[in-house]
Amino acid sequence: MISKSTVVPIQYQNREENCYIAIEMSQRTGMPLLAVMQNLHVIQGKPSWSGQAISSMIRNSSQFKEVELHYVGQENTDSWGAYVTATRISNGQKLKGGTVTILTAKKEGWYSKSGSKWQTMPELMLAYRAYAWFGRVYAPELMMGLQSREEVEDIVGKEESASSKPLDVFESGV
């Protein structure tokens with residue numbers, strides 16, 4: 001029934017197998033099915049979450065409270081960066097994710113890639129990467145071991161990921 005809907009992204013229309021995977025991911029993460037369908041991407045056979053989805057998963061998790069994104073350093077310089085903090089609800093522990101900076105992006109080669117969003121939207125890229133790093137350390141079960149779409153794109157390159165789109169089982173080999 002879901003695959004017959006024109007409301008779902010095209011990669012799920014008339015693709016029951018893709019809908020099945022989205023339903024499975026929805027059940028495992030507790031995310032609404034349409035949110036999974038809109039935020040699960042496959043880049044060169046690697047499923048990944050959008051940066052927005054990771055941020056939402058962490059902010060809406062019953063594991064954390066007082067989730068905050070912090071910017072550090074001087075804007076538009078190599079020292080400009082971001083990290084995420086939160087309090088673990090179960091024990092009150094204060095948590096701090098790793099700090100990603102423009103210098104990190106440059107050293108890793110993300111910043112200079114052709115079509116890099118690091119050059120045009122650095123504040124957003126810092127935020128997405130900070131949430132991904134926090135999630136990988138403190139809530140890997142929320143991310144289900146998946147990287148962010150932005151991380152995968154930085155690794156494989158914009159040219160190779162230009163065909164990135166929400167989940168397509170047959171094209172991705174998943």
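Helices (H or I, at least four residues) and strands (E, at least two) are DSSP runs, numbered from the N terminus. This is a predicted model, in which local features need pLDDT of at least 70 and side-chain atom pairs count only at pLDDT 80 or more, while totals for chains, interfaces and linings use all residues. Residues are numbered from 1 along each chain as its sequence is written, and side-chain values use heavy atoms, with hydrogens and water left out.

**Overall**
- The protein has ten helices and eight strands.
- Of its 174 residues, 47% count as buried, that is, under 20% relative accessible area with a 1.4 Å probe and protein chains only.

**Core**

**Helix 6**
- Among the buried residues of helix 6 are Met125, Tyr128, Tyr131 and Phe134.

**Largest pocket**
- A pocket is an open set of points on a 1 Å grid over the protein atoms alone, where a 1.4 Å probe fits, with protein on both sides within 12 Å along at least five of seven lines; lining residues have an atom within 4 Å of a point.
- The largest pocket is lined by 20 residues, of which Lys117, Met125, Arg149, Glu150 and Glu153 lie nearest its centre.
- Helix 8 gives the most to this lining, with four residues.

Conventions
Buried < 20%, exposed > 50% of the residue type's maximum accessible area, 1.4 Å probe, protein only.
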